[in-house]
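Here is a short briefing on strand pairing and helix packing. Keep the sequence and the 3D view open as you read.

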Amino acid sequence: MNKTAFIFAGQGAQAVGMGMDLYEHYNCAKDIFDMSAEIKELCFNGPKEELDVTKNTQPAVFLTGLACAAVLSEKGIVPNAVAGFSLGEITAACYAGFMSNEQAFEFVKHRAQAMQECALKTKGTMFAILKLPNEKVQAICKSLIEAYPVNYNSPGQIVVACAQSTSDSLQQAVTEHGGKAIKLAVSGAFHSPFMDEASKKVEKYLENISLDEAIIPMYSNVTAQLYNESELNPKELLVKQINHPVLWQKTIENMIKDGIDTFIEAGPGKTLTGLIKKINPEVRTHNVSDISTLNKTIEELNNA
């Protein structure tokens, strides 16, 4: 019997129009988007430059991912586990039952605001580093000022966060060692010490929030392990993922080791399923972002 996981992407997956046809055809999706008229309007109609602002992007991607998962559940597809990349971990936490939809949405808005404010102060950027082993990228970062490996995405792909003043040195060092550095279209140096202040703000915010027991097993960005196997409590894991690396490759490897053989990316984009194919091409991957991909996924699952 197949074991399925829902996975939720982070803020780089947004596109104008996301979630609109699900909103129009499914009440469960409508209820989710109706939590915010402002963000719903940005999701469906843009403008793109406003959607790209961190404080808007994160709530928009959160609502879309959660709506896609809700429709999947309505269709009888319930996962054995969940995980999310960066912001997607909050969507996963909501779906797993740690927080209500409303509580999670308010948390996402606060998290996004804190990270945007931090990014404006710290002036950092991020690069995807390709064709180099992890150890080499780590050594390059150690040789530079304010450069940190932050997203361990897949074999041969790590994202590095660095100060803007370090960008040229990083690209030069990567090229000299035979790698390739691709600058990412992001507004800050996320998942690094550049986000320490945002992490502290989120920690303070969560002090007044009560989390429920999860009803679905969930994996952590920080540890790559199940939440209930960590020495840290759920709040600590949600705080640390803001300024610590995302161990995505290890997370997926652990999920597969635990029996997951089918991954459904719920929300805009196909970034995570693309990474999973590089991590382990033997497992099945699907993505659901609209009615067309929903129907395709259901058909493929029924035929598996």
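In β8, I264 has H286 as its bridge partner. E265 stands opposite N287 in β8. Strand β7 (residues 262–266) and β8 run parallel and are joined by five bridges. Strands here are DSSP runs (E, at least two residues) and helices are DSSP runs (H or I, at least four), numbered from the N terminus. Two strands pair if DSSP finds at least two bridges between them.

This is a predicted model, in which local features need pLDDT of at least 70 and side-chain atom pairs count only at pLDDT 80 or more, while totals for chains, interfaces and linings use all residues. Residues are numbered from 1 along each chain as its sequence is written, and side-chain values use heavy atoms, with hydrogens and water left out.

**The sheet**

- Four strands form an open sheet with parallel pairing, in the order β2-β1-β7-β8.
- β2 (81–84) and β8 (284–288) stand at the edges with a single partner strand each, so one side of each lacks a neighbour in the sheet.
- From one strand to the next, the twist averages 25 degrees. Angles run from 0 to 180 degrees between N-to-C directions, and axes are lines fitted to C-alpha atoms, for helices over the stretch in contact.
- Helix α12 (residues 248–257) packs on the sheet and touches β1 (4–8), β2 and β7. Its direction makes about 175 degrees with that of β2. Contact means heavy atoms within 4.5 Å.

**α12 against α13**

- The axes of α12 and helix α13 (residues 271–279) come within 10 Å and cross at roughly 70 degrees.
- That makes the two helices roughly perpendicular (65 to 115 degrees).
- W248, Q249, I252 and E253 of α12 meet L272, L275, I276 and I279 of α13.
- By class, this contact has six nonpolar residues, one polar and one charged. Ala, Val, Leu, Ile, Met, Phe, Trp, Tyr, Cys and Pro count as nonpolar, Asp, Glu, Lys and Arg as charged, and the others, Gly among them, as polar.

**α5 against α7**

- Helix α5 (residues 54–74) and helix α7 (residues 101–122) pack at about 150 degrees, with their axes 7 Å apart.
- They are therefore roughly antiparallel (over 145 degrees).
- Residues of α5 in the contact include F62, L63 and L66. Among their counterparts in α7 are F105, V108 and M115.
- The contact of α5 with α7 has nine nonpolar, five polar and three charged residues.

Methods: Parallel < 35°, antiparallel > 145°, perpendicular 65-115°, else oblique.
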